[in-house]
Every structure is written in C-alpha cells, then in structure tokens.
Amino acid sequence: MVYYLESKLEYAKYAEFPWTDIDIEEVIRHPSYLLTTTPHNDIALALLQESVIYSEHIRPLCLPNAQDVFYGQRCIATGWGVDVRTRKSPPVMKRMELEIISRMECQALYQFGGAGGNFRLHRSVVCANAVQDQASCMYDGGSPLACQKADGSYVLAGITSWGVECGQLDLPGVYVDVTKFTSWINDKIDQYDEEELSPEFPIVSSGVQLPPTMYLRSIIVLMVAVLVNAESNIIENPTFERQVDYKCGISNPEGLVYNVESELKYAKYAEFPWTVAIFEESSSENNPELTHIGGGTLIHPKFVVAAAHTMEKPHRYVARFGEWNMKSDAEAFPSQDIEIEEVIKHPLYRESATPGYDIALAVLKENVIYSEHIRPICLPSVQDVFYGQQCIVSGWGVDIRTGQPPIVMKRMEVNVETRKRCLGLYRDLGVPINMQRGEMCVDAVEDQNACIKDAGSPLACQKADGSYVLAGISSWVLNCHHPPTTPAGILNITKFACWINDTIREHGESGENLNPIIIDFERYPLMKKFVTYRIEP
C-alpha cells in the first residue's frame with residue numbers, strides 16, 4: 001500500500017499514514033504473573049488515556065477462542081526488535097514467519113539444548129520455530145504472533161515473551177498462549193464502566209473483539225540470556241552422526257554416550273528405549289516422593305503396558321521414560337516423568353485369583369515425546385510363537401547377583417519356555433503351581449532373571465529384520481534370591497494383542513489426540529552434540 005519495498009531481506013510492507021501516540025493510563029498485570037527465570041502468565045492489559053482512531057493502517061486483531069489450537073500452523077510475528085540477520089534494529093517493521101510447536105516438544109528441545117532434565121515450561125506458553133532466517137529477538141517482547149483462519153482473517157495466537165540467543169541455537173521462541181487468557185481479558189474489560197470505554201467500536205469479524213481503548217502487550221522484553229551459560233553445556237562431538245528411526249522396536253544395540261565398565265553385564269544407555277519405570281507418588285503435596293514399584297513398556301505415545309497387580313491401590317502413579325541410571329538425573333538426554341491418568345485393567349483380571357490376566361494399560365496424562373532414547377516397541381501378532389527363542393528382559397528390579405536394586409538398567413538374557421515345559425521345571429523343583437493359558441515362563445541363560453519389582457518389565461524378542469516385539473511382560477516369580485532360581489512367570493502378549501489394540505482404538509474414537517510428538521535430530525542439528533564420558537556402576 002503506497003510503498004513498493006525493494007530489499008534482499010523480507011520486511012513488512014508499509015503505508016504512509018501518520019502514526020498515533022497515546023499515553024498509557026494504567027497497566028493491568030495478570031494476577032498470577034510471576035517473574036522467574038522463565039516468566040509465568042507474562043501478560044498485561046494497557047489502558048489507554050483516550051481511544052485510538054481506527055483507519056486503514058490501524059485496526060484491531062481478534063482474540064482467539066479458548067478452544068483454538070495452532071500447533072503445526074505457520075503464523076506471522078511482527079515487531080521492531082533486533083533483526084537476527086543484521087544484528088541491528090530494522091529500518092522498518094519485521095515480518096517473521098514462524099511454525100508453532102507444542103509446549104511439550106518445546107520443553108524437550110530446551111532440555112536437550114542444555115537446560116537439563118528438570119527444566120519445565122509453564123502451561124501459559126506456546127513456542128514457535130523460525131521457518132527461514134528470522135526469529136523474535138531483543139525488544140520484540142509483547143509483539144503479536146498472528147495466525148490466519150480459514151476465512152482469511154487473523155487472530156492473536158500469542159505474544160512474544162522470551163527466548164535464547166534469538167533462535168540461533170535451534171531453540172524455539174517462547175510466546176504467551178493467548179487462548180489461555182481469553183476469559184481473563186474479557187472479564188477485565190467488562191469490569192470497566194461502559195462510560196469509560198468508547199460505547200461504539202467496530203466489529204470487523206465474528207471473532208471476539210477488543211475495544212479500541214485496550215490492547216495486549218507483554219510486561220517483559222525478550223530475555224536472550226535467560227538460561228545462563230546454556231551454550232557452554234553443549235559440547236561438540238563431530239563424530240556423532242546418527243540416523244534416528246522412530247518406528248517401533250528399534251533398539252540402540254551399541255548404546256548411546258556412556259560406556260559401562262563393570263564385571264557384571266548391564267543394559268547400555270538407551271539400548272532398550274521402550275523400557276519404562278513405574279513409580280508410586282506419595283500423598284504429600286508439599287514434598288511428594290516417588291517410589292519405584294515396577295516396570296512398564298512403551299507401545300504408544302499415550303499408553304504403557306504394565307502389570308495390573310502393581311497398580312492396585314488408589315494412588316497416583318508416574319511413568320518415567322528415558323531412565324537408565326536411577327541414582328543420577330544428569331544423564332546426556334533427559335528423562336520424562338508423566339502422570340498416569342487412568343489404569344485400564346484387563347476385564348478378567350482378579351487380584352485374589354491366579355495371575356493369568358495380570359495386564360493393564362496405563363493411560364498417560366499427556367503424550368510422551370519420542371527421541372533417540374525413548375521409542376515404542378512393536379506388539380506381536382497373534383500368530384507369533386517365541387518358545388525356544390532367546391530374548392531379553394530389561395528393568396530395575398532386584399539384581400539377583402547382588403541382592404540389591406541395580407544402579408543402571410538390568411539386561412537379562414532368558415530362554416522362553418512353553419507352559420508345559422514350565423510346569424515340568426517347577427515340578428522338578430518340587431514347586432506345585434498352576435499356569436493359565438495366557439502365561440509362559442523364562443529361564444535365565446546365565447545368572448540373571450526377573451525378580452522383585454520387575455513386574456511389568458518387557459520381554460523383548462528380536463525378529464529376523466533386527467527389530468524387537470513385546471513377547472511378554474514380567475508377572476511373578478517364586479524365588480529369585482538364592483540359586484537355584486526358579487523360572488519367572490511371564491504374561492504372553494500374543495494372547496492380549498487384540499485387547500490392547502481394541503482399547504487404544506476406543507480411546508482414539510473418543511477424540512483424544514494420540515499422535516506422537518517426535519524430536520527430529522536432523523531438524524535440530526545442535527541437539528546431537530553432547531558430553532561423552534564413562535561411568536563405573
């Protein structure tokens with residue numbers, strides 16, 4: 001409009017009309033605003049001393065609905081903050097095309113990028129990646145992130161809050177998620193007398209409309225140094241070039257990062273990325289503690305297969321993904337703790353009866369994020385037979401060799417036996433026992449087998465193509481403290497594959513988002529660089 005802009009760099013187009021300066025009479029911060037290293041609820045309403053006059057070059061932006069979701073959408077941020085391409089203030093308004101990503105994916109990127117496994121993003125934010133070479137930077141704080149609707153109009157999806165190095169470390173910019181504050185904005189505006197606000201203001205779309213005396217802005221300018229020395233925690237290792245495959249059943253046979261020096265055999269770091277640790281959370285709200293109670297298996301971004309008897313009590317349970325060393329929270333890649341929202345036990349499971357249906361699906365409160373050290377395992381088909389095959393149980397139950405919980409994940413090579421063979425082995429040991437048709441057992445190849453607190457841990461069997469399937473889950477054991485140990489009872493997953501698939505399908509039909517979030521290391525090359533060192537468990 002009016003001007004034709006010629007530049008090798010992309011900027012917003014301009015119109016030659018006079019601007020308007022209006023004093024701000026009052027700043028109304030959100031009541032839960034908290035200035036921490038990463039601000040929470042970083043939003044305010046600025047009350048103008050007089051109404052702004054709308055014209056061709058001054059118009060309001062619609063508020064989103066609280067139900068709007070913008071993940072995966074390309075949107076536009078505008079402002080006059082530092083231009084990352086020139087490292088100077090721009091001569092005219094910037095136009096930054098960004099792709100919105102979910103908060104969980106963004107959180108994982110910051111964890112991988114040096115913030116550590118305990119880093120958490122507040123629920124009041126959303127993140128966006130630069131599509132080309134432009135990103136929000138210093139002095140962009142409060143600038144709008146506008147997303148286009150199907151009818152061509154725009155809504156205010158976010159406002160710039162903070163970031164690290166202006167997106168130059170493959171870390172997304174962080175924006176206030178305006179959908180979380182639509183009700184607060186409208187309620188706050190309604191509190192003002194209609195006489196104080198202009199009684200007549202234009203409505204330019206069917207969306208929620210801000211009156212001309214108010215607009216949104218952020219309280220804090222973009223914080224480029226919010227993570228002190230974040231870059232120094234990322235040390236280049238140019239030899240680390242891995243092709244990540246997020247299909248089910250893909251292991252890391254050589255492990256990642258760490259080399260375990262020990263006389264005893266353990267799992268390598270991230271060797272079995274589907275192995276889950278299940279914890280019981282104490283009822284203390286001020287200082288909740290997690291107690292390890294068993295294992296689980298990741299089969300889906302929203303579901304974990306577990307042993308039903310480990311989650312009998314009406315407690316809160318937490319599933320931990322990406323764990324390896326239970327005594328350390330400083331591993332190369334962060335683990336993810338996700339609360340279990342619901343435990344769906346098999347309809348034929350009975351606590352007091354024989355454990356032939358000792359299986360449950362743990363429904364996660366939010367989707368797990370897949371990465372190099374967190375991946376699902378494949379379910380078997382009902383025709384699969386594993387008898388006579390040598391397979392692997394992994395978990396953190398008591399180590400038979402030491403009588404203590406292990407420091408790092410156990411790796412137990414076992415022989416899969418038929419139910420008939422199992423009954424014979426128990427009979428030879430003088431142990432009378434009945435086994436259901438949904439059960440089988442495993443016998444230790446060397447000196448390791450499933451033990452106490454291994455219930456729910458996966459029995460993974462390798463296929464001809466090198467991938468793994470979930471042949472079974474550990475259910476029970478009679479003696480694992482003193483040799484000769486008895487075979488461990490395993491639930492045969494081939495007998496329950498249909499029930500698992502049907503249950504997951506029912507949740508999908510209920511409208512829940514079951515799509516996985518994936519950290520793509522090719523898209524974020526700096527995420528592949530980390531410190532390598534050795535440990536001795």
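This note goes through the predicted model point by point, from the whole chain down to single residues.

1. Basis of the note. The model is predicted, so local features are reported only at pLDDT of at least 70 and side-chain atom pairs only at pLDDT 80 or more, while totals for chains, interfaces and linings use all residues. Residues are numbered from 1 along each chain as its sequence is written, and side-chain values use heavy atoms, with hydrogens and water left out.

2. The chain as a whole. The chain has four helices and 23 strands; helices (H or I, at least four residues) and strands (E, at least two) are DSSP runs, numbered from the N terminus. Of its 537 residues, 51% are buried. Buried means under 20% relative accessible area, exposed means over 50%, and partly exposed lies in between (1.4 Å probe, protein chains only). The accessible surface comes to about 25900 Å², and carbon and sulfur atoms account for 48% of that. Such areas come from the Shrake-Rupley method with a 1.4 Å probe, and for residues only the protein chains shown count as cover.

3. Contacts along the sequence. A contact means heavy atoms within 4.5 Å. Taking contacts between residues at least 6 apart in sequence, 71% join residues at least 24 apart.

4. The barrel. Six strands close into a barrel, in the order E17-E18-E19-E22-E21-E20, with antiparallel pairing. The twist from one strand to the next averages 45°. For such angles, axes are lines fitted to C-alpha atoms (for helices over the stretch in contact), and the angles run from 0 to 180 degrees between N-to-C directions. Two strands pair if DSSP finds at least two bridges between them. E17 (residues 390–395) and E18 are joined by six bridges in the antiparallel sense, and Ser394 has Arg411 of E18 as its bridge partner.

5. Helix H3. What does H3 pack against? The buried residues of this helix, which spans 419–428, are Cys422, Gly424, Leu425 and Tyr426. They pack against strands E18 (410–417), E19 (439–444), E21 (468–476) and E22 (488–492). Just after H3, Gly430 has a positive phi of about 75°.

6. Strand E8. E8 covers residues 173–177, and five of the five are buried, so the strand is largely enclosed by the rest of the structure. E8 pairs with E5 (residues 125–130) in the antiparallel sense over four bridges, with Ala128 opposite Gly173. E7 (residues 154–162) also pairs with E8 in the antiparallel sense over four bridges; here Thr160 has Tyr175 as its bridge partner.

7. Thr179. This residue sits in the loop between E8 and helix H2 (182–190). Is Thr179 buried or exposed? Its relative accessible area is 8%, so Thr179 is buried. Its side chain makes a polar contact of 2.6 Å with the side chain of Asp177. A polar contact is a pair of N or O atoms within 3.5 Å; within protein, one must be able to donate a hydrogen and the other to accept it, and residues adjacent in sequence count only if both atoms are side-chain atoms. Leaving aside residues up to four places away in sequence, Thr179 touches Pro64, Asn65, Ala66, Asp68 and Phe70.

8. Disulfides. How many disulfides does the structure hold? There are five, a disulfide being a pair of cysteine sulfur atoms within 2.5 Å. One of them joins Cys75 to Cys147, S to S 1.9 Å. Because Cys75 lies in strand E3 (residues 74–79) and Cys147 in strand E6 (residues 144–148), the pair ties together parts that are 72 residues apart in sequence. The torsion about this S-S bond is about 105°, so the disulfide is right-handed. Cys75 is buried at 1% relative accessibility, and Cys147 is buried at 0%.

9. Two further disulfides. In the link of Cys106 and Cys127, the sulfur atoms are 2.1 Å apart. Cys106 lies in helix H1 (residues 103–115) and Cys127 in strand E5, 21 residues apart. With -75° about the S-S bond, this link is left-handed. Cys248 and Cys378 form another disulfide, with sulfur atoms 2.0 Å apart. Cys248 is in the loop between strands E9 (214–217) and E10 (275–281), and Cys378 is in the loop between strand E16 (369–370) and E17, 130 residues apart. Cys248 is partly exposed at 32% relative accessible area, whereas Cys378 is buried at 11%.
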